[in-house]
Amino acid sequence: MPGHPIPEASIPQTKADVERLESLIESHDAVFLLMDSRESRWLPTVISAAKGKIVINAALGFDTFLVMRHGARASSVAPDGPRLGCYYCNDIVAPSDSLTDRTLDQMCTVTRPGLASIAGATAVELLASLLQHPDG
């Protein structure tokens, strides 16, 4: 994750993990992200955008949540039409370590299990609506 250095001994395993992540993203039509931190969503979002995959992100706050889509399928974009970019492609602030010096309720979705299920259900509804829409 950005802002979290990789120890020298972990580099081969990290490379293998990234290759597996790329393979999983390539073999699926949509990617759902419900993770604890902004920086943990960065790599899957950027890889998915590069591969033209739909990404549905659910981000949880203390008492709120946000569900949004990133990018567009390559097949749904007209050759001369605008392409919807991913959140990070258009962001002006680079992801960094957002977990240090945070309490558990500020950094962990497990502490909000009721909200996580509502956000997850909303994410599925967003994908269903997106797939049924004539413009994709």
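Biologist: How much accessible surface does the protein chain have, and what share belongs to carbon and sulfur atoms?
Modeller: About 8,600 Å², with 59% belonging to carbon and sulfur atoms; that's by the Shrake-Rupley method with a 1.4 Å probe. Keep in mind this is a predicted model, where local features need pLDDT of at least 70, side-chain atom pairs count only at pLDDT 80 or more, and totals for chains, interfaces and linings use all residues. Residues are numbered from 1 along each chain as its sequence is written, and side-chain values use heavy atoms, leaving out hydrogens and water.

Biologist: What's in the largest nonpolar core?
Modeller: Eleven residues, including Ile54, Val67 and Leu115. Six of the core residues come from H4, the largest share. A nonpolar core is a set of buried Ala, Val, Leu, Ile, Met, Phe, Trp, Tyr and Cys residues joined through side-chain atoms within 4.5 Å; buried means under 20% relative accessible area, exposed over 50%, partly exposed in between, with a 1.4 Å probe and protein chains only.

Biologist: Switching to Gly120: buried, exposed or partly exposed?
Modeller: Partly exposed, because its relative accessible area is 26%. Gly120 sits in helix H4, residues 113-132.

Technical notes: Helix = DSSP H or I, 4+ residues; strand = E, 2+ residues; numbered from the N terminus.
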